[in-house]
Structures are given as C-alpha cells and as structure tokens.
Amino acid sequence: MAKDNILTAEDVFERTSKYLNEEHVGLVKRAYEFARQAHKDQFRKSGEPYIIHPVQVAGILADLELDPAAVAAGFLHDVVEDTQVTIKQISEEFNSEVAMLVDGVTKLGKIKYKSHEEQQAENHRKMFVAMAKDIRVILIKLADRLHNMRTLKHLAPEKQRRIANETLEIFAPLAHRLGISKIKWELEDTSLRYLNPQQYYRIVNLMKRKRAEREQYLDNVMDEVEKRLEEVEIKAELYGRPKHIYSIYRKMTLQHKQFNEIYDLLAVRIIVNSIKDCYAVLGIIHTCWKPMPGRFKDYIAMPKPNMYQSLHTTVIGPNGEPLEVQIRTIEMHRIAEYGIAAHWAYKEGKTIDQKASFDKKLSWFREILEFQNESANAEEFMESLKIDLFSDMVFVFTPKGDVIELPAGSVPIDFAYRIHSEIGNKTIGAKVNGKMVTLEYKLHTGDIIEILTSKHSYGPSQDWLKLAQTSQAKNKIKQFFKKQRKEENIIKGKELVEREIKELEFDVKDILVPENIERTAEKFNFPTEDDMYAAVGYNGISAQQVANRLTDKWRKKRDEEEAVKDIVAEGKQSPRPGRHEAGVKVKGADNLLIRLSRCCNPVPGDEIIGFITKGRGVSVHRCDCPNVTNSEQENRLIPVEWVQGGNTRKEYNVDIEVLGYDRHGLLNEVLQTVSGTRTNITAVTGRTDRNKMATIMVTIAIHNISHLHKVVDKIKQIPDVYAVHRIMN
C-alpha cells in the first residue's frame, strides 16, 4: 500500500494472481477493461486519465487480499456515478454480487437536495446501510477515499478542507473501528496536512531533527533485547515503530503537551510466534528496564472491540528516557494492520462457520440498520452514528465478567438495553461496583454493572429518552411506547397535525383527503396513515413536519396568488422620493421601491437580479444568491441594473470570512490591514476549532467590487491566512 508508487493495471493483476485462481483473475481483468472503456474520455483534476484512480483503488484492495468480486468492484466503483453505465448493466456483464458492491459505494447523485450537507448525509446513510449488509462496501469506500486523499493537492483549498474534515469525522474513525490501522493513520496524517498545515510541517520538522539520534537509541535497545531473547531461545522479529504525525498532534493539543513530553515517540515492536512467548518477552523487558506505573495494557486478555490484540508497556529505558514496547504474535500483527480486512482476506474453501464467527465480531455494526429505520432523516441518522460509533468509548463489565463497550457518557439504561431489550424495559435500578446508583450515573471504564429488574415494572418512562445516550437505547424506548400506546398515540398525533393545519390557516377537511394523506405517509416512509399519526404521538416526527408536507401544494398556490396581487399593487403605486438611494433601478420602470437584500449584500460591480416581494417592493440580489437560484417563483424575478454615475461614495456592507492558523495576534493583524485600506469595519466575530484553525468574520463598508478586491488581496498577504471568502448570510 505504498502511497508513492502509481500502480498499473498489470501490477494489480500480478498481486491478485498470488492468491486468486486463473478464473478469478480473469474476472478482475474483465472489470478493468470494462472500466477503461467507460472512463476513456474522462480526466481527473490533475490532468491524468481517470482510469488511474480505479486502478489505484483496486490495487489497495488487492494488497488487502480481498475476494475477486471486491477487487472487480474497485475497478468499477465510479462507472455508474460518472458514466452512462447502469447497475443493471454491471449485473448482466459480471454478476449480482459485483453489482451490489458497486451500488453500495455509488452516491445518490441524481436526486436534488436542499443543501450539500443534506446530500452528503444521504450518501453516507446509503453507504452505511449497504455496509451493514456487506462489510466489503466500506473496504472499497475506504480504498477510494485513501487514494482521493493522496491526490487532494489538485483540488481548490476550500474543497481540500471540506474533504479532509469529512475524512477525519467519518472515514478515519471507521477505519479505526474496523481495526485497519494501515489505512487509518494515512487518512489522519493526510487530513491534518490540509486542515492545519503549519502544525503538520512543524511536527514533521521536529521529528526529522533528532531522527538519527533516535534511530541509534532504538538500535541499541533492540540489540539488548535480541541478546536476552537468544539466551532463552525465543525467536522474534524486532523493529522500531514510527509515531504517526496526527497522534502526536492530538496528544499535544488535547493533553497540552510539548513535543518533547510525548512518551511514546520512541517505541519498539516485538513479533513472536505464540501467546506464551508474548508474556515471556514481557517479563524479560521488565527485567531489563523498570516499568512505568499505570502504563501497562493487556489487550491480549482483553482485546479491543476492533479485534486488536497486543501487550503494551512503557519502561524507563537506557539514558532514563521513556520507551514504549509492543509485543504480539504474527497473526495479531496482521489483524492490527488490516483489521476486519484480515478476516475478509480471500481464502478458497473458507467455511460458513468461519464467516459466522466473523459476523459475530461485527454485531455492533448490525445496529446501523436499526438506526436507519428509526431515524427521521439522514442528518439525524449521521448524528446518531457519530455518537454511537465514533465517540470516545468506555469499557464496563457484566457481573459475569463480559466486557460491554459503550460511548463515553453512557448511563445504566444504555447498558441495560445493550444487554437485551426486555432487561431495559424491566429496569428499576442499577448497582455499580456493588453500590446502588441512580439511573443518571455516568459509567466509567472498569465499572461492574448489575441491572435490577422487576417483572411488575410498567416499562420505561418518557424521561428515559433524555437520560439515554446511545441511539440503540433511545430507539428501544421509542419502540416500547410505539407498541404499548399505539391507539393513544394515533389519536394524539392526529389532533396535533390538525391543530398545525389550522395554524397554517387551512381548512382541515380540504387537506386531510385520502390521496394527500397517503402521499405524505409515503414521503416519510410510513406504511400506513395510522403509523404516521402514531409517530407524531410518540415524538418520532413532529406535527409541524407532517402538516407542512400535507399543505405544501396549497401553500405554494397561495403564495403564487399573493405574488400576483403584489405585482399588480406595485405597478399602481405613485413614484416615491429616494427610489434610487440603493444605487439600483428596475429596467423600464421608475416607480418601484427598491432595497438591497441582506442575505447576499450586492455591491456595484456584482451581477444582480430583482425579486418582487410581498408589500416591500423589489429586493435586489446577486445572481448567484441561493435565495434566487433555488427559488421556484421565477414569475417574481425582474431585471435590474446599477445606476450609472450615481453616488460613488455610497458604502455597502459586505461580509467576508478569513480562514487561518490560530496564532497570537492574527485577529489584530487582520483588523489593522483592513483599516490600512481606509475601509470601515462595522462588525467582527471569530472562533477557533479543535484543529487550531481560526475563522474570522468581518463586515466591512465598501464602495464597489474593485474596492472589495483590494481589501481581500491585502488580507491574503497576511502570514498564516489560508483563504478569504465573501459570504452570504
């Protein structure tokens, strides 16, 4: 998986031929030829032929030794999204398995959404649902994202940051949960390079300065360990473990440490043949050097949820410097590097029992389907997923000693529902480490939890929805209320919807006709009218959402009728003084009230369009303003133009966003630079994120577009400023 080498198709075939038979390699070759033809006239942003990308993705999958269908899907993963090829054609040309994998990683590109965020959330929901059915979907997607991150330099800075941020939020945590450290570290390091380049290169330079000294130190340590192992006849492979840049950055920022305070910059990894040898080597290491208290972790006896196993210890090594040592078997090392992919690696004759054992280890992942079914929309689904799958975790024990993994901040209710739905529904209390606790108690790693139940319990209360932290617990509680009180919820939900319809000033009888109710229930994915009303009754969806969907056609018609009235009324108005104070006039008309819209703040030099409002004349927008481009009321748009030779000293407010590295004095330099151009500043706000990136929002008063460009050019010359954008409210 070397990131510097550009693979050819022949390289991929050669790698697959090492573990696939001739027939399966033939499938992979056919997939390449199909993809090459489909993408033949397409090029990437770098100017390279597009087929280079699918080849690299297939190569990454071949390095993971995945089955022929997955490698073929790696070649084909973009053909449906970016060419005229359909999933049906893929199925006919290859097979339904390959088609299913390609469909799982294909974005929902042909559906229109309100925002980019909503589109991305829907794409992720589709991917996760497909992944819950077949884990190979995410392995292909991770390979796709890995190569895209390697070639991110060819995109615009704003897009680089958005993709890098999404990688850190979604894909790197997924690689971690799936145990694929080989991909995880590269995704994290590359993301940091684009999100915080100053810190990234600072750490790189700090690591380079003492590299020779560190390497000599590790060589001495390994010579000593090898000598001791030979004495007891233990065969082992030793090598220094490089610390990854992002993990150093996180420790420096989260633990407020300096570079020289990070203990595990120096690390040795020891690979042995058996678990018995692992513990024997641990004893030898602790005999050679004194272990540091609290720094020993036994992930062999208690593996991580992503199947990672190893012994970790930190000792005071030669010269009194802390030294981390990791000890594991060959198989443990393979799983540590490739995680779930190590289990999915293709082996002819793999038995159903092996597959069943593998699926059991991924039981947490099957809950994704449950999140999907219970979520009202894609954004809610993604928020649930981030909490349950990507947040920091705590590890607690059942009274029998079984380990249960939960998101940090979980309470006994989350634990109870993780064990079983009925235990959750019958919970009346909890004991932690033998002592009674309230249901609000926050669980900590190492706690032993005992849930107290009663068969006479009436079930959960509504307050539990506020206490529970995991989506699983919340969904189970909602299901309980749905089943137990469905009739009551149907009546309550219908009353709430009818009240909302009246609030919108419509007649309930006109709106609640069978075909309209059926259409609305389908839009929200409810099988029946009663299911929709019941969901409103138990707060699964709001009455306002349902009422808005039910009345959308009527509201649109009413708005159009009012717009016509407004246009007629505006045309009858007599001229008023000050109509051109905005510096804009309507082409062919002199008697309309004109104002500049605050959503996009147009200034002289911008391309503009007018929008007839209700009773407030004409609102002037930039032509690229979303409120105009996304408007369905084209009959309200009229041509407008800037008044030539008007008041050239008039000032217009413009909002700009400055992005840069959060260092001392940055805000002051930005404000001084703006003032130096003799530009008035009317408002300033700022914030920083966890990656030490500063966002400064400045409202400035300018005369025209040339004035704005002059200010922006000056700001971009400030050190540590990465981008300046004009923004809309």
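This is a predicted model: local features need pLDDT of at least 70, side-chain atom pairs count only at pLDDT 80 or more; totals for chains, interfaces and linings use all residues.
**Notebook: Arg-328 and the cores**

I started with the neighbours of Arg-328: leaving out residues up to four places away in sequence, it touches Arg-269, Ile-270, Ile-271, Val-272, Cys-278, Tyr-308, Gln-309, Ser-310, His-333 and Ala-336.

Next I checked where Arg-328 sits, and it belongs to strand S6, which runs over residues 322-329.

Then I asked myself: is Arg-328 buried or exposed? It is buried, and I found no salt bridge for it. Glu-337 has the nearest side chain of opposite charge, at 4.9 Å.

What does the Arg-328 side chain make polar contacts with? I got the side chain of Gln-326 at 3.1 Å, and the side chain of His-333, also listed at 3.1 Å.

His-333 sent me to helix H16, residues 330-338. I noted its buried residues as Met-332, His-333, Ile-335, Ala-336 and Glu-337. Of these, His-333 and Ala-336 are also on my contact list for Arg-328. Just past H16, I saw that Gly-339 has a positive phi of about 55°.

Last, I looked up the nonpolar cores. The largest has 80 residues, and Phe-75, Leu-76, Ile-90 and Leu-142 have the most contacts inside it. I followed up Leu-76: skipping residues up to four places away in sequence, it touches Ala-31, Phe-34, Ala-35, Ile-90, Phe-94, Val-98 and Val-102. I also logged a second, separate core of 33 residues, with Trp-464, Val-508, Ile-511 and Ala-521 among them.

Notes: Residues are numbered from 1 along each chain as its sequence is written. Side-chain values use heavy atoms; hydrogens and water are left out. A nonpolar core is a set of buried Ala, Val, Leu, Ile, Met, Phe, Trp, Tyr and Cys residues joined through side-chain atoms within 4.5 Å. Buried means under 20% relative accessible area, exposed over 50%, partly exposed in between (1.4 Å probe, protein chains only). Contact means heavy atoms within 4.5 Å. Helices (H or I, at least four residues) and strands (E, at least two) are DSSP runs, numbered from the N terminus. Lys and Arg count as positive and Asp and Glu as negative; His and the chain ends are not counted. A salt bridge is a side-chain nitrogen of Lys or Arg within 4 Å of a carboxyl oxygen of Asp or Glu. A polar contact is a pair of N or O atoms within 3.5 Å; within protein, one must be able to donate a hydrogen and the other to accept it, and residues adjacent in sequence count only if both atoms are side-chain atoms.
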